[in-house]
Amino acid sequence: MRLFLVTLTPLLGLFIWRSKYTFYYNILTKMELPDGYYYEGEVSSHCHPMNSAPNLSFKYCEDASFWDHYDADGKLEERRVVVSCDSGRRKWNTVMGPLLDPIPRGSLWIYSPISGETTHLTLENFPAEHTFHPLGVEIYPSYSGNASYMYVVNHAANKTVIEQFQVSPSSSVAKHIRTLSHPFFIASNALALTSPTSFYVTNDHVFTKRLPYVGAVLPMVETVLGIPLSFAGHVIINPDETDETAVLSHNVVAPFVAFSNGLSISPSGLELAIASTSIGTVYFYSRNTSTNALTFSTSVQLPFPPDNVKYDHDGNLVVSGHPHFPTLLQLVAGKVDIAPSWVVSISRIEGAVTAEYDLNAPLSTSTIVPSPANHTVQTLFQSNGKIFTSSTSGLIDTLSGNLYVTGLYAEDGAIICHP
């Protein structure tokens with residue numbers, strides 16, 4: 001025990017030094033957030049549940065991504081949203097626990113801003129014996145009505161895999177193509193496509209809840225101490241191969257990240273962002289579009305542990321996260337019903353950085369963390385959990401101005417805020 005304490009004490013000190021803002025504001029204290037704030041107007045009149053027809057399966061939604069539809073001339077016809085949900089998350093969560101019942105399947109949904117409808121995707125040819133617990137989801141654009149490849153991280157019963165589907169714009173069916181498996185898919189979390197058959201993927205932990213005996217302790221130690229063991233990799237698959245041999249390569253491109261969570265590629269393709277949840281930071285990397293290699297460029301400190309990150313089509317990075325980690329843990333354990341939400345946009349700026357920014361929000365980012373170099377942060381949505389709980393993903397549609405937010409343990413799954 002003495003040796004354990006001698007080893008643990010400097011690690012704890014290092015974490016507090018690296019994560020002083022996260023440690024103080026998100027663990028030791030609980031920030032005062034409003035019931036609901038939306039940067040374009042009153043929440044009550046601008047925000048509503050994404051699924052207007054309540055469905056017991058459309059809840060506990062983790063990720064959301066745009067699905068762009070282009071015509072034959074390359075003109076954007078519609079920008080739909082694909083959403084991953086798991087109504088069984090309270091009994092099967094390989095990141096935070098518990099691991100009680102993997103049998104009830106999660107679900108995938110498509111929202112159309114033109115029809116205003118949220119449609120459940122039926123899984124076709126998905127093996128009957130497979131379990132399905134979706135997290136990260138990404139889908140390639142559709143051109144001239146062609147079907148798109150969609151990839152979904154699946155925290156299945158026995159191990160984490162990535163499922164490949166094919167979806168047509170005119171159908172509500174996701175046709176299962178194959179299950180991708182690799183030794184480095186330890187705890188895969190988020191995806192960012194680089195082609196129809198290649199993608200970046202984060203692995204949020206090296207020690208997981210699945211480990212016998214130590215699974216209840218080591219993942220939490222890795223999380224709370226911010227030990228930088230997780231990583232992001234780039235994967236290339238061979239579409240002509242079977243499940244077992246489909247992964248041609250997996251190259252680690254961003255090692256030594258503390259709880260690597262969401263990731264996203266900028267519209268130019270020249271930058272990639274990764275959320276480091278444990279230390280409340282987003283890392284930015286320059287991307288080589290020929291080799292998919294990454295080079296660290298800068299980082300931005302946030303007032304909360306970030307979850308998923310998504311670039312909008314103007315190049316701003318939308319980040320969602322959890323402003324109070326202990327409350328989130330209580331929510332997972334069923335001891336409370338709500339946990340706070342916070343969604344911001346990170347924008348690159350030229351010139352001098354001001355000490356005060358994000359001044360329209362009820363709780364300004366600038367009162368908690370210092371000004372980021374060459375960037376500014378704007379709050380898009382805040383809630384103490386009463387309006388919307390446990391935000392994980394945020395999307396800004398630059399065409400309509402709509403803000404989409406998913407909630408890890410939100411009973412209504414996801415909300416839309418209209419300008």
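Let's start with histidine 322, which sits in the loop between S22 and helix H5 (325-332). Keep in mind that this is a predicted model.

**Histidine 322**
- Is histidine 322 buried or exposed? Its relative accessibility is 6%, so it counts as buried, because the cut-off for buried is under 20%.
- The side chain of histidine 322 makes a polar contact of 2.9 Å with the side chain of aspartate 307.

- In soluble globular proteins, nonpolar side chains tend to be buried together.
- Here, the largest nonpolar core has 21 residues, and Val282, Phe284, Leu302, Leu317, Val319, Trp342 and Ile346 are the ones with the most contacts inside it.
- Strands S18 (271-276), S19 (281-287), S21 (306-311), S22 (317-321) and S23 (341-348) each give two or more residues to this core.
- The top contributor is S23, with three residues.
- Take leucine 302: setting aside neighbours within four places in sequence, its contacts include Val282, Val319, Ile346 and Val377.
- There's also a second, separate core of 16 residues, with Ala258, Ile265, Leu272 and Leu294 among them.

- Val206, Phe207, Leu211, Tyr213, Val214 and Leu229 make a nonpolar surface patch of about 540 Å².
- One of these, leucine 229, lies in the loop between helix H4 (218-224) and strand S15 (230-237).
- Leucine 229 has a relative accessible area of 34%, so it's partly exposed.

Terms used: Residues numbered from 1 in each chain as written. Predicted model: local features only at pLDDT ≥ 70, side-chain atom pairs only at ≥ 80, totals over all residues. Heavy atoms only, no water. Patch = residues over 30% accessible without salt bridge, like charges linked within 9 Å, V, L, I, M, F, W, Y side chains within 5 Å. Areas by Shrake-Rupley, 256 points an atom, 1.4 Å probe, with all protein chains shown as cover. Salt bridge = Lys/Arg side-chain N within 4 Å of Asp/Glu carboxyl O. Helix = DSSP H or I, 4+ residues; strand = E, 2+ residues; numbered from the N terminus. Buried < 20%, exposed > 50% of the residue type's maximum accessible area, 1.4 Å probe, protein only. Core = buried A, V, L, I, M, F, W, Y, C linked by side-chain atoms within 4.5 Å. Contact = heavy atoms within 4.5 Å. Polar contact = N/O pair within 3.5 Å; in protein donor to acceptor, adjacent residues only side chain to side chain.
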